[in-house]
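This report covers aromatic pairs, a nonpolar core and a surface patch. The structure comes first.

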Amino acid sequence: MSGHGFHVHGPHDHELEHAAHSNDDFSSKIAVMTAIMATVGALIGYKGGATQNEAAMLKNSAAITKTDAANSWSHYQSKSNKQNLAELALSIPGVNGEKYKLDIDRYKKEKEDLKKEAESFEKQVVELEASSEAALHQHHRWAQSMTAVQIAISLAAIALLTKKKWLEYASYAIASAGLGIAALAWMHI
């Protein structure tokens with residue numbers, strides 16, 4: 001109870017508070033381990049969120065680049081139509097053929113440049129989508145790691161309340177597995 005009203009503790013908080021004021025090694029070890037796991041969990045959560053945002057940004061960039069590729073292909077198509085009209089104009093009697101031949105050559109050159117541009121955009125789209133998938137895979141690893149750490153913290157709380165050594169060891173084992181998964185995420189595996 002505090003000076004300005006009621007202050008309610010959960011059972012785990014109450015046990016941690018008492019452990020801090022006693023010489024109970026079991027409770028002290030679990031209290032320290034829980035604090036460490038919570039800190040590591042916060043760092044893992046940050047990395048998980050960052051990789052999720054990175055994946056979304058890469059996917060968004062891929063969509064924008066895909067639009068750029070479509071625009072280049074549309075421009076290419078319009079040049080093809082103009083080239084076809086110029087070629088058709090050559091078949092009309094009494095038309096200045098030299099002007100249309102120059103136009104045809106110009107449209108062919110412009111189409112080549114537009115085709116290269118559009119293909120370049122398409123290559124960028126493939127690369128951006130692959131990078132997005134890799135970042136999303138890494139995010140999943142961070143999320144798996146965070147889940148393991150959260151389970152370990154919960155088991156530590158139960159171990160503290162029940163004073164069961166096997167739960168303490170299970171908590172440590174699951175926390176270690178979470179750290180192993182975090183290592184895989186860090187190495188992009």
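## Surface patch

Patches are made of residues with over 30% relative accessible area and no salt bridge; like charges are joined within 9 Å, and nonpolar side chains (Val, Leu, Ile, Met, Phe, Trp, Tyr) within 5 Å. A salt bridge puts a side-chain nitrogen of Lys or Arg within 4 Å of a carboxyl oxygen of Asp or Glu. Areas use the Shrake-Rupley method with a 1.4 Å probe; for residues, only the protein chains shown count as cover.

The model is predicted: local features need pLDDT of at least 70, side-chain atom pairs count only at pLDDT 80 or more, and totals for chains, interfaces and linings use all residues. Residues are numbered from 1 along each chain as its sequence is written, and side-chain values use heavy atoms, with hydrogens and water left out.

W186, M187 and I189 make a nonpolar surface patch of about 370 Å². M187 sits in the segment after α4 (165–186); helices are DSSP runs (H or I, at least four residues), numbered from the N terminus. M187 has a relative accessible area of 49%, so it is partly exposed. The cut-offs: buried is under 20%, exposed is over 50%, partly exposed is in between. W186 is exposed, at 59%.

## Aromatic pairs

How many aromatic pairs does the structure hold? There are two. Rings of Phe, Tyr and Trp (its six-membered ring) pair if their centres lie within 6.5 Å; planes under 30 degrees apart are stacked, over 60 edge-to-face, the rest tilted.

W73 and Y76 pair edge-to-face, with 5.4 Å between centres and 80° between planes. Both lie in helix α2 (residues 25–90), three residues apart, about one turn of the helix. W73 is partly exposed, at 27% relative accessible area. In the pair of W142 and W186, the centres are 6.4 Å apart and the planes are at 90°, so this pair is edge-to-face too. W142 belongs to helix α3 and W186 to helix α4, so the pair ties together parts 44 residues apart in sequence.

## Nonpolar core

W142 is buried, at 4% relative accessibility. A nonpolar core is a set of buried Ala, Val, Leu, Ile, Met, Phe, Trp, Tyr and Cys residues joined through side-chain atoms within 4.5 Å. The largest one has 15 residues; I30, M37, I44, W142 and A159 have the most contacts inside it. α2, α3 and α4 each supply at least two of its residues. α3 gives the most, with seven.

## Position of R106

R106 lies in helix α3 (residues 97–162). R106 is partly exposed, at 39% relative accessibility. R106 and K79 are 27 residues apart in sequence, and 9.4 Å apart C-alpha to C-alpha.

Technical notes. Buried < 20%, exposed > 50% of the residue type's maximum accessible area, 1.4 Å probe, protein only.
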